[in-house]
Amino acid sequence: MSSAASLTSAPPGPPALTETDIPARLDRLPWGRFHSLVVAALGITWVLDGLEVTLAGAVAGAMKESPSLALNNAQVSAASSAYLIGCVLGGLFFGWLTDKLGRKKLFSITLLVYLTATAATAFSWDFTSLLLFRFITGAGIGGEYVAINSTIQELIPARARGWVTLVINGSYWLGAALGAIGAVVLLDPGLLGPDMGWRASFFTGAVLGLFILLLRRAIPESPRWLMTHGRVPEGEAIVARIEAGIQAQGLTLPPAGPPVRLRELRTVSTAAVARSLLRDYGRRTVLGLSLMTAQAFFYNAIFFTEALVLTSFFDVPSSSVGWYILPFAAGNFLGPLIIGRFFDTIGRVPMIAGTYALSGVLLIGTGILFQQGLLTATTITLAWSVIFFFASAAASSAYLTVSECFPLEIRAVAISLFFAFGTGLGGVCGPLVFGALIDTGSRTNVLWGYVLGAGLMIAAAIAELVLGVKAEGRSLEDVAAPLSSTPHS
(Lines give C-alpha, C1' and ligand atoms only; values in the text may rest on other atoms or scores of the structure.)
Protein backbone atom coordinates (compact mmCIF):
# COMPACT_ATOMS: atom_id res chain seq x y z
CA MET A 1 0.00 0.00 0.00
CA SER A 2 1.05 3.59 -0.50
CA SER A 3 2.06 5.35 2.67
CA ALA A 4 1.02 8.79 3.79
CA ALA A 5 4.36 10.01 2.45
CA SER A 6 3.05 9.34 -1.04
CA LEU A 7 0.44 12.00 -0.54
CA THR A 8 0.61 15.75 -0.31
CA SER A 9 -0.43 16.73 3.20
CA ALA A 10 -2.03 19.96 4.23
CA PRO A 11 -0.24 21.96 6.92
CA PRO A 12 3.15 21.01 8.39
CA GLY A 13 3.24 18.91 11.52
CA PRO A 14 1.69 15.52 12.26
CA PRO A 15 -1.54 14.98 10.31
CA ALA A 16 -4.75 14.68 12.25
CA LEU A 17 -6.28 11.23 12.67
CA THR A 18 -10.00 10.57 12.37
CA GLU A 19 -12.04 7.46 13.00
CA THR A 20 -15.35 7.02 11.19
CA ASP A 21 -17.81 4.22 10.57
CA ILE A 22 -19.22 5.76 7.37
CA PRO A 23 -18.26 2.77 5.16
CA ALA A 24 -19.59 0.21 7.64
CA ARG A 25 -22.87 2.09 8.06
CA LEU A 26 -23.39 2.34 4.31
CA ASP A 27 -22.62 -1.35 3.73
CA ARG A 28 -25.00 -2.59 6.45
CA LEU A 29 -28.04 -0.75 5.05
CA PRO A 30 -31.00 -2.83 3.84
CA TRP A 31 -32.23 -1.91 0.36
CA GLY A 32 -34.52 1.11 0.51
CA ARG A 33 -36.04 3.87 -1.59
CA PHE A 34 -32.75 5.78 -1.44
CA HIS A 35 -30.92 3.00 -3.25
CA SER A 36 -33.65 2.77 -5.87
CA LEU A 37 -33.33 6.53 -6.44
CA VAL A 38 -29.55 6.17 -6.86
CA VAL A 39 -30.06 3.45 -9.47
CA ALA A 40 -32.68 5.48 -11.35
CA ALA A 41 -30.97 8.87 -11.26
CA LEU A 42 -27.39 7.75 -11.84
CA GLY A 43 -27.84 4.50 -13.71
CA ILE A 44 -29.70 6.40 -16.42
CA THR A 45 -26.27 7.37 -17.77
CA TRP A 46 -26.00 4.03 -19.51
CA VAL A 47 -29.45 4.53 -21.00
CA LEU A 48 -28.16 7.79 -22.48
CA ASP A 49 -25.07 6.13 -23.92
CA GLY A 50 -27.13 3.29 -25.36
CA LEU A 51 -29.47 5.83 -26.89
CA GLU A 52 -26.60 7.77 -28.44
CA VAL A 53 -24.79 4.75 -29.83
CA THR A 54 -27.96 3.20 -31.20
CA LEU A 55 -29.09 6.40 -32.84
CA ALA A 56 -25.68 6.83 -34.43
CA GLY A 57 -25.86 3.29 -35.81
CA ALA A 58 -29.54 3.30 -36.78
CA VAL A 59 -29.40 6.64 -38.58
CA ALA A 60 -26.18 5.77 -40.40
CA GLY A 61 -28.08 4.95 -43.56
CA ALA A 62 -30.18 8.10 -43.27
CA MET A 63 -27.07 10.28 -42.90
CA LYS A 64 -25.62 8.65 -45.99
CA GLU A 65 -28.82 9.58 -47.85
CA SER A 66 -29.05 13.07 -46.29
CA PRO A 67 -28.79 15.84 -48.94
CA SER A 68 -26.69 18.02 -46.60
CA LEU A 69 -24.30 15.35 -45.30
CA ALA A 70 -24.20 12.55 -47.92
CA LEU A 71 -21.78 10.49 -45.83
CA ASN A 72 -20.00 7.36 -47.03
CA ASN A 73 -19.31 4.28 -44.89
CA ALA A 74 -15.87 5.50 -43.85
CA GLN A 75 -17.30 8.85 -42.70
CA VAL A 76 -20.06 7.11 -40.72
CA SER A 77 -17.40 5.07 -38.94
CA ALA A 78 -15.29 8.21 -38.41
CA ALA A 79 -18.23 9.95 -36.70
CA SER A 80 -18.56 6.95 -34.38
CA SER A 81 -14.85 7.12 -33.63
CA ALA A 82 -15.09 10.88 -32.91
CA TYR A 83 -17.73 10.08 -30.29
CA LEU A 84 -15.44 7.49 -28.73
CA ILE A 85 -12.40 9.78 -28.79
CA GLY A 86 -14.52 12.33 -26.96
CA CYS A 87 -15.42 9.64 -24.42
CA VAL A 88 -11.72 8.93 -23.85
CA LEU A 89 -10.59 12.53 -23.39
CA GLY A 90 -13.72 13.53 -21.47
CA GLY A 91 -13.26 10.57 -19.14
CA LEU A 92 -9.65 11.55 -18.41
CA PHE A 93 -10.39 15.22 -17.79
CA PHE A 94 -13.59 14.79 -15.81
CA GLY A 95 -12.14 11.81 -13.93
CA TRP A 96 -9.43 14.03 -12.48
CA LEU A 97 -12.04 16.62 -11.52
CA THR A 98 -14.28 13.97 -9.96
CA ASP A 99 -11.61 12.96 -7.46
CA LYS A 100 -10.68 16.59 -6.83
CA LEU A 101 -14.06 18.37 -6.65
CA GLY A 102 -16.46 15.59 -5.71
CA ARG A 103 -18.88 13.18 -7.32
CA LYS A 104 -22.04 15.29 -7.18
CA LYS A 105 -20.63 18.37 -8.94
CA LEU A 106 -19.24 16.32 -11.77
CA PHE A 107 -22.27 14.15 -12.49
CA SER A 108 -24.19 17.40 -12.95
CA ILE A 109 -21.58 19.14 -15.11
CA THR A 110 -21.03 16.16 -17.41
CA LEU A 111 -24.76 15.76 -17.96
CA LEU A 112 -25.01 19.40 -19.04
CA VAL A 113 -22.15 18.89 -21.51
CA TYR A 114 -23.97 15.90 -22.96
CA LEU A 115 -27.30 17.72 -23.21
CA THR A 116 -25.85 20.66 -25.07
CA ALA A 117 -23.81 18.61 -27.50
CA THR A 118 -26.41 16.01 -28.43
CA ALA A 119 -28.91 18.77 -29.19
CA ALA A 120 -26.27 20.53 -31.29
CA THR A 121 -25.70 17.32 -33.28
CA ALA A 122 -29.18 17.75 -34.75
CA PHE A 123 -28.02 21.01 -36.37
CA SER A 124 -24.91 19.55 -38.05
CA TRP A 125 -24.55 21.14 -41.49
CA ASP A 126 -21.60 19.13 -42.84
CA PHE A 127 -19.23 16.30 -41.97
CA THR A 128 -16.86 18.53 -39.96
CA SER A 129 -19.56 19.98 -37.72
CA LEU A 130 -20.95 16.47 -37.16
CA LEU A 131 -17.53 15.25 -36.01
CA LEU A 132 -17.20 18.18 -33.58
CA PHE A 133 -20.61 17.70 -31.98
CA ARG A 134 -20.19 13.93 -31.72
CA PHE A 135 -16.82 14.49 -30.05
CA ILE A 136 -18.30 16.83 -27.41
CA THR A 137 -21.24 14.49 -26.83
CA GLY A 138 -18.78 11.68 -26.20
CA ALA A 139 -16.80 13.86 -23.78
CA GLY A 140 -19.92 14.37 -21.69
CA ILE A 141 -20.72 10.65 -21.65
CA GLY A 142 -17.11 9.75 -20.84
CA GLY A 143 -17.20 12.08 -17.85
CA GLU A 144 -20.52 10.59 -16.83
CA TYR A 145 -19.07 7.08 -16.80
CA VAL A 146 -16.36 8.09 -14.36
CA ALA A 147 -18.45 10.20 -11.98
CA ILE A 148 -21.35 7.76 -11.95
CA ASN A 149 -19.33 4.56 -11.53
CA SER A 150 -17.50 6.14 -8.58
CA THR A 151 -20.70 7.27 -6.90
CA ILE A 152 -22.63 4.03 -7.38
CA GLN A 153 -19.77 1.92 -6.02
CA GLU A 154 -19.57 4.13 -2.94
CA LEU A 155 -23.31 4.24 -2.15
CA ILE A 156 -24.49 0.66 -2.81
CA PRO A 157 -24.08 -1.95 0.01
CA ALA A 158 -21.27 -4.45 -0.56
CA ARG A 159 -23.53 -7.51 -0.74
CA ALA A 160 -25.39 -6.11 -3.78
CA ARG A 161 -22.60 -4.13 -5.44
CA GLY A 162 -21.85 -6.66 -8.18
CA TRP A 163 -25.41 -7.30 -9.36
CA VAL A 164 -26.42 -3.64 -9.16
CA THR A 165 -23.37 -2.53 -11.14
CA LEU A 166 -23.99 -5.12 -13.84
CA VAL A 167 -27.68 -4.32 -14.16
CA ILE A 168 -27.02 -0.58 -14.30
CA ASN A 169 -24.41 -1.07 -17.00
CA GLY A 170 -26.82 -3.39 -18.78
CA SER A 171 -29.44 -0.64 -18.79
CA TYR A 172 -27.40 0.76 -21.68
CA TRP A 173 -29.59 -1.53 -23.74
CA LEU A 174 -32.81 0.05 -22.57
CA GLY A 175 -31.41 3.16 -24.20
CA ALA A 176 -30.53 1.10 -27.24
CA ALA A 177 -34.12 -0.16 -27.49
CA LEU A 178 -35.45 3.37 -27.04
CA GLY A 179 -33.11 4.62 -29.74
CA ALA A 180 -34.09 1.80 -32.07
CA ILE A 181 -37.81 2.45 -31.67
CA GLY A 182 -37.31 6.20 -32.03
CA ALA A 183 -35.24 5.71 -35.15
CA VAL A 184 -37.85 3.44 -36.75
CA VAL A 185 -40.54 6.06 -36.17
CA LEU A 186 -38.54 9.17 -37.00
CA LEU A 187 -36.82 7.66 -40.03
CA ASP A 188 -40.14 6.71 -41.61
CA PRO A 189 -39.99 8.43 -45.03
CA GLY A 190 -43.68 9.24 -44.76
CA LEU A 191 -43.25 11.14 -41.50
CA LEU A 192 -40.21 13.38 -42.01
CA GLY A 193 -38.01 14.15 -44.96
CA PRO A 194 -34.65 12.45 -45.56
CA ASP A 195 -32.76 15.29 -43.90
CA MET A 196 -35.01 15.72 -40.85
CA GLY A 197 -35.58 12.25 -39.39
CA TRP A 198 -32.02 11.70 -38.18
CA ARG A 199 -31.91 15.26 -36.78
CA ALA A 200 -35.10 14.76 -34.78
CA SER A 201 -33.70 11.47 -33.46
CA PHE A 202 -30.88 13.20 -31.60
CA PHE A 203 -33.29 15.44 -29.69
CA THR A 204 -34.54 12.34 -27.87
CA GLY A 205 -31.39 12.23 -25.75
CA ALA A 206 -31.54 15.91 -24.89
CA VAL A 207 -35.13 15.64 -23.66
CA LEU A 208 -34.29 12.59 -21.55
CA GLY A 209 -31.26 14.38 -20.09
CA LEU A 210 -33.37 17.30 -18.87
CA PHE A 211 -35.54 14.89 -16.90
CA ILE A 212 -32.46 13.28 -15.35
CA LEU A 213 -31.19 16.63 -14.10
CA LEU A 214 -34.27 16.92 -11.89
CA LEU A 215 -33.81 13.40 -10.48
CA ARG A 216 -30.20 13.99 -9.59
CA ARG A 217 -30.92 16.94 -7.37
CA ALA A 218 -31.93 14.44 -4.67
CA ILE A 219 -28.64 12.50 -4.78
CA PRO A 220 -26.16 13.62 -2.08
CA GLU A 221 -22.40 13.82 -2.29
CA SER A 222 -20.65 10.51 -1.63
CA PRO A 223 -20.01 10.25 2.13
CA ARG A 224 -16.95 8.13 1.37
CA TRP A 225 -15.50 10.95 -0.76
CA LEU A 226 -16.26 13.48 1.98
CA MET A 227 -14.52 11.39 4.68
CA THR A 228 -11.24 11.40 2.71
CA HIS A 229 -11.41 15.16 2.16
CA GLY A 230 -11.54 16.31 5.78
CA ARG A 231 -15.35 16.53 5.86
CA VAL A 232 -16.23 13.56 8.07
CA PRO A 233 -19.05 15.34 10.00
CA GLU A 234 -20.73 16.28 6.72
CA GLY A 235 -20.43 12.70 5.47
CA GLU A 236 -21.80 11.27 8.70
CA ALA A 237 -24.76 13.68 8.55
CA ILE A 238 -25.62 12.42 5.05
CA VAL A 239 -25.42 8.80 6.23
CA ALA A 240 -27.68 9.67 9.17
CA ARG A 241 -30.30 11.10 6.78
CA ILE A 242 -30.13 7.98 4.63
CA GLU A 243 -30.52 5.80 7.73
CA ALA A 244 -33.51 7.85 8.90
CA GLY A 245 -35.17 7.33 5.53
CA ILE A 246 -34.55 3.59 5.70
CA GLN A 247 -35.99 3.38 9.22
CA ALA A 248 -39.02 5.44 8.16
CA GLN A 249 -39.81 2.59 5.75
CA GLY A 250 -40.06 0.24 8.72
CA LEU A 251 -36.71 -1.44 8.00
CA THR A 252 -34.28 -2.43 10.74
CA LEU A 253 -30.62 -1.41 10.67
CA PRO A 254 -28.24 -4.26 11.58
CA PRO A 255 -25.13 -3.49 13.63
CA ALA A 256 -22.35 -1.68 11.77
CA GLY A 257 -18.88 -3.10 11.34
CA PRO A 258 -15.66 -1.61 12.68
CA PRO A 259 -14.64 1.96 11.82
CA VAL A 260 -11.77 3.00 9.61
CA ARG A 261 -8.95 5.27 10.76
CA LEU A 262 -7.83 8.00 8.35
CA ARG A 263 -5.12 10.62 8.22
CA GLU A 264 -6.12 14.15 7.28
CA LEU A 265 -4.83 14.54 3.73
CA ARG A 266 -5.70 16.98 0.98
CA THR A 267 -4.50 15.83 -2.42
CA VAL A 268 -2.91 12.82 -4.11
CA SER A 269 0.19 13.46 -6.19
CA THR A 270 0.60 12.14 -9.72
CA ALA A 271 3.54 10.09 -8.48
CA ALA A 272 1.29 8.48 -5.83
CA VAL A 273 -1.27 7.54 -8.48
CA ALA A 274 1.47 5.99 -10.62
CA ARG A 275 2.92 4.06 -7.66
CA SER A 276 -0.49 2.73 -6.70
CA LEU A 277 -1.37 1.56 -10.20
CA LEU A 278 2.04 0.28 -11.29
CA ARG A 279 3.60 -0.98 -8.05
CA ASP A 280 1.03 -1.55 -5.32
CA TYR A 281 -1.76 -2.77 -7.61
CA GLY A 282 0.23 -3.77 -10.70
CA ARG A 283 -1.56 -7.10 -11.18
CA ARG A 284 -4.94 -5.41 -10.96
CA THR A 285 -3.81 -2.81 -13.48
CA VAL A 286 -2.90 -5.51 -16.01
CA LEU A 287 -6.26 -7.19 -15.35
CA GLY A 288 -8.23 -3.97 -15.77
CA LEU A 289 -6.51 -3.11 -19.04
CA SER A 290 -7.13 -6.61 -20.40
CA LEU A 291 -10.83 -6.63 -19.54
CA MET A 292 -11.55 -3.08 -20.69
CA THR A 293 -9.67 -3.32 -23.99
CA ALA A 294 -11.22 -6.65 -24.99
CA GLN A 295 -14.81 -5.67 -24.25
CA ALA A 296 -14.45 -2.24 -25.87
CA PHE A 297 -13.17 -3.68 -29.16
CA PHE A 298 -15.67 -6.54 -29.09
CA TYR A 299 -18.65 -4.31 -28.43
CA ASN A 300 -17.89 -1.26 -30.48
CA ALA A 301 -16.56 -3.12 -33.49
CA ILE A 302 -19.77 -5.10 -33.83
CA PHE A 303 -22.45 -2.78 -32.55
CA PHE A 304 -21.25 0.41 -34.23
CA THR A 305 -21.21 -1.43 -37.57
CA GLU A 306 -24.31 -3.60 -37.15
CA ALA A 307 -26.35 -1.33 -39.40
CA LEU A 308 -23.63 -1.43 -42.07
CA VAL A 309 -23.56 -5.25 -42.04
CA LEU A 310 -27.33 -5.46 -42.33
CA THR A 311 -27.57 -2.92 -45.14
CA SER A 312 -24.44 -4.00 -47.03
CA PHE A 313 -24.71 -7.81 -46.88
CA PHE A 314 -28.43 -8.42 -46.29
CA ASP A 315 -30.00 -5.46 -48.16
CA VAL A 316 -31.98 -4.33 -45.09
CA PRO A 317 -33.44 -0.84 -45.72
CA SER A 318 -31.89 1.78 -43.44
CA SER A 319 -35.33 2.73 -42.16
CA SER A 320 -35.85 -0.84 -40.87
CA VAL A 321 -32.53 -1.31 -39.05
CA GLY A 322 -34.10 -0.34 -35.73
CA TRP A 323 -36.30 -3.45 -35.72
CA TYR A 324 -33.18 -5.64 -35.81
CA ILE A 325 -31.62 -3.74 -32.92
CA LEU A 326 -34.55 -4.50 -30.58
CA PRO A 327 -33.89 -8.26 -30.06
CA PHE A 328 -30.16 -7.51 -29.89
CA ALA A 329 -30.83 -4.95 -27.13
CA ALA A 330 -33.11 -7.38 -25.30
CA GLY A 331 -30.40 -10.02 -25.11
CA ASN A 332 -27.90 -7.46 -23.83
CA PHE A 333 -30.17 -6.23 -21.05
CA LEU A 334 -31.45 -9.63 -19.96
CA GLY A 335 -27.93 -11.05 -19.59
CA PRO A 336 -26.81 -8.90 -16.63
CA LEU A 337 -30.34 -8.93 -15.18
CA ILE A 338 -30.60 -12.73 -15.12
CA ILE A 339 -27.04 -13.88 -14.41
CA GLY A 340 -25.76 -10.76 -12.64
CA ARG A 341 -26.56 -12.11 -9.15
CA PHE A 342 -24.14 -14.97 -9.70
CA PHE A 343 -21.27 -12.46 -9.69
CA ASP A 344 -22.09 -11.88 -5.99
CA THR A 345 -22.78 -15.54 -5.12
CA ILE A 346 -20.69 -17.84 -7.33
CA GLY A 347 -18.03 -15.15 -7.40
CA ARG A 348 -16.29 -12.61 -9.59
CA VAL A 349 -13.49 -14.77 -11.02
CA PRO A 350 -15.46 -17.75 -12.41
CA MET A 351 -18.29 -15.58 -13.71
CA ILE A 352 -16.08 -12.96 -15.37
CA ALA A 353 -13.80 -15.54 -16.98
CA GLY A 354 -16.74 -17.68 -18.09
CA THR A 355 -18.73 -14.88 -19.73
CA TYR A 356 -15.67 -13.52 -21.54
CA ALA A 357 -14.63 -16.93 -22.90
CA LEU A 358 -18.13 -17.97 -23.94
CA SER A 359 -18.69 -14.68 -25.77
CA GLY A 360 -15.52 -15.19 -27.79
CA VAL A 361 -16.29 -18.79 -28.74
CA LEU A 362 -19.85 -17.97 -29.81
CA LEU A 363 -18.68 -15.07 -31.99
CA ILE A 364 -16.21 -17.28 -33.85
CA GLY A 365 -18.97 -19.76 -34.59
CA THR A 366 -21.30 -17.01 -35.80
CA GLY A 367 -18.54 -15.50 -37.94
CA ILE A 368 -17.94 -18.80 -39.71
CA LEU A 369 -21.66 -19.23 -40.46
CA PHE A 370 -21.77 -15.64 -41.78
CA GLN A 371 -18.72 -16.20 -43.98
CA GLN A 372 -20.30 -19.33 -45.45
CA GLY A 373 -23.50 -17.42 -46.29
CA LEU A 374 -25.61 -19.59 -43.99
CA LEU A 375 -27.23 -16.73 -42.08
CA THR A 376 -30.03 -14.33 -42.94
CA ALA A 377 -30.59 -10.89 -41.46
CA THR A 378 -32.93 -12.48 -38.93
CA THR A 379 -30.71 -15.39 -37.92
CA ILE A 380 -27.54 -13.32 -37.57
CA THR A 381 -29.49 -10.92 -35.35
CA LEU A 382 -30.62 -13.84 -33.20
CA ALA A 383 -27.04 -15.11 -33.01
CA TRP A 384 -25.81 -11.67 -31.95
CA SER A 385 -28.55 -11.59 -29.30
CA VAL A 386 -27.35 -14.86 -27.76
CA ILE A 387 -23.68 -13.82 -27.90
CA PHE A 388 -24.32 -10.53 -26.19
CA PHE A 389 -26.53 -12.07 -23.51
CA PHE A 390 -23.17 -13.20 -22.09
CA ALA A 391 -20.98 -10.44 -23.51
CA SER A 392 -23.09 -7.73 -21.88
CA ALA A 393 -22.50 -9.24 -18.42
CA ALA A 394 -18.81 -9.59 -19.29
CA ALA A 395 -18.46 -5.97 -20.39
CA SER A 396 -20.30 -4.72 -17.31
CA SER A 397 -17.99 -6.77 -15.09
CA ALA A 398 -15.00 -4.92 -16.55
CA TYR A 399 -16.41 -1.64 -15.21
CA LEU A 400 -17.18 -3.38 -11.91
CA THR A 401 -13.59 -4.60 -11.63
CA VAL A 402 -11.86 -1.27 -12.26
CA SER A 403 -14.39 0.54 -10.04
CA GLU A 404 -13.95 -1.56 -6.91
CA CYS A 405 -10.32 -2.70 -6.98
CA PHE A 406 -8.46 0.57 -6.35
CA PRO A 407 -8.27 2.99 -3.37
CA LEU A 408 -11.03 5.52 -2.87
CA GLU A 409 -8.82 8.59 -3.31
CA ILE A 410 -7.87 7.58 -6.86
CA ARG A 411 -11.03 5.68 -7.83
CA ALA A 412 -12.30 8.15 -10.44
CA VAL A 413 -8.85 8.71 -11.92
CA ALA A 414 -8.30 4.95 -12.12
CA ILE A 415 -11.65 4.40 -13.81
CA SER A 416 -10.92 7.18 -16.30
CA LEU A 417 -7.48 5.79 -17.16
CA PHE A 418 -8.77 2.26 -17.76
CA PHE A 419 -11.80 3.54 -19.65
CA ALA A 420 -9.56 5.78 -21.78
CA PHE A 421 -7.06 3.08 -22.60
CA GLY A 422 -9.64 0.41 -23.30
CA THR A 423 -11.93 2.64 -25.31
CA GLY A 424 -9.06 4.36 -27.08
CA LEU A 425 -7.39 1.14 -28.16
CA GLY A 426 -10.39 -1.13 -28.53
CA GLY A 427 -13.32 1.19 -29.05
CA VAL A 428 -11.89 3.71 -31.49
CA CYS A 429 -9.99 1.16 -33.55
CA GLY A 430 -12.88 -1.30 -33.69
CA PRO A 431 -15.35 0.72 -35.76
CA LEU A 432 -12.58 1.95 -38.06
CA VAL A 433 -11.26 -1.57 -38.67
CA PHE A 434 -14.72 -3.07 -39.20
CA GLY A 435 -15.88 -0.16 -41.34
CA ALA A 436 -12.93 -0.75 -43.65
CA LEU A 437 -13.52 -4.53 -43.70
CA ILE A 438 -17.21 -4.09 -44.55
CA ASP A 439 -16.31 -1.65 -47.33
CA THR A 440 -14.31 -4.43 -49.05
CA GLY A 441 -17.56 -6.35 -49.52
CA SER A 442 -15.77 -9.56 -48.48
CA ARG A 443 -17.42 -11.82 -45.92
CA THR A 444 -14.05 -13.48 -45.29
CA ASN A 445 -12.49 -10.16 -44.33
CA VAL A 446 -15.34 -9.48 -41.90
CA LEU A 447 -14.83 -12.98 -40.43
CA TRP A 448 -11.21 -12.14 -39.63
CA GLY A 449 -12.45 -9.06 -37.78
CA TYR A 450 -14.76 -11.29 -35.73
CA VAL A 451 -11.88 -13.65 -34.96
CA LEU A 452 -9.78 -10.74 -33.72
CA GLY A 453 -12.52 -9.54 -31.37
CA ALA A 454 -13.16 -13.07 -30.11
CA GLY A 455 -9.46 -13.67 -29.51
CA LEU A 456 -9.23 -10.57 -27.33
CA MET A 457 -12.18 -11.79 -25.22
CA ILE A 458 -10.66 -15.24 -24.72
CA ALA A 459 -7.31 -13.70 -23.76
CA ALA A 460 -9.10 -11.49 -21.20
CA ALA A 461 -10.80 -14.58 -19.74
CA ILE A 462 -7.37 -16.14 -19.16
CA ALA A 463 -6.18 -12.91 -17.52
CA GLU A 464 -9.15 -13.02 -15.14
CA LEU A 465 -8.39 -16.62 -14.14
CA VAL A 466 -4.78 -15.69 -13.33
CA LEU A 467 -5.19 -12.19 -11.89
CA GLY A 468 -8.84 -11.92 -10.78
CA VAL A 469 -9.82 -10.42 -7.42
CA LYS A 470 -12.37 -12.10 -5.13
CA ALA A 471 -14.26 -8.91 -4.28
CA GLU A 472 -17.76 -10.35 -3.83
CA GLY A 473 -19.42 -9.32 -0.56
CA ARG A 474 -16.39 -7.33 0.66
CA SER A 475 -16.42 -3.64 1.52
CA LEU A 476 -14.55 -1.33 -0.83
CA GLU A 477 -12.12 -0.48 1.98
CA ASP A 478 -11.35 -4.19 2.41
CA VAL A 479 -10.84 -4.77 -1.32
CA ALA A 480 -8.48 -1.75 -1.51
CA ALA A 481 -7.71 0.22 1.65
CA PRO A 482 -7.83 4.03 1.25
CA LEU A 483 -4.43 5.62 0.72
CA SER A 484 -5.13 7.78 3.78
CA SER A 485 -5.95 4.82 6.04
CA THR A 486 -3.76 3.94 8.99
CA PRO A 487 -3.84 0.88 11.25
CA HIS A 488 -5.53 1.06 14.64
CA SER A 489 -3.04 1.21 17.47
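Start with the lining of the largest cavity: its residues divide into 15 nonpolar, six polar and one charged. Here Ala, Val, Leu, Ile, Met, Phe, Trp, Tyr, Cys and Pro count as nonpolar, Asp, Glu, Lys and Arg as charged, and the others, Gly among them, as polar. This is a predicted model, where local features need pLDDT of at least 70 and side-chain atom pairs pLDDT 80 or more, while totals for chains, interfaces and linings use all residues. Residues are numbered from 1 along each chain as its sequence is written, and side-chain values use heavy atoms, without hydrogens and water.

Now select Asp 49, Tyr 145, Tyr 172, Gln 295 and Tyr 399, the closest to the cavity's centre among the 22 lining residues. The space here is about 320 Å³. A cavity is a set of points on a 1 Å grid over the protein atoms alone where a 1.4 Å probe fits but cannot get out, and lining residues have an atom within 4 Å of a point.

Next, colour helix α13 (residues 282-303), which gives the most to this lining, with five residues. Helices are DSSP runs (H or I, at least four residues), numbered from the N terminus.

Finally, show Phe 297, Asn 300 and Ala 301 of α13 with Cys 429, Gly 430, Pro 431 and Phe 434 of α20, which make the contact (heavy atoms within 4.5 Å).

Conventions: Axes are lines fitted to C-alpha atoms, for helices over the stretch in contact, and angles run from 0 to 180 degrees between N-to-C directions. Helices (H or I, at least four residues) and strands (E, at least two) are DSSP runs, numbered from the N terminus. On a 1 Å grid over the protein atoms alone, a cavity is a set of points where a 1.4 Å probe fits but cannot get out, and a pocket is an open set with protein on both sides within 12 Å along at least five of seven lines; lining residues have an atom within 4 Å of a point. Grid points are joined across faces, edges and corners, and a volume is the space filled by probe spheres set on the points.
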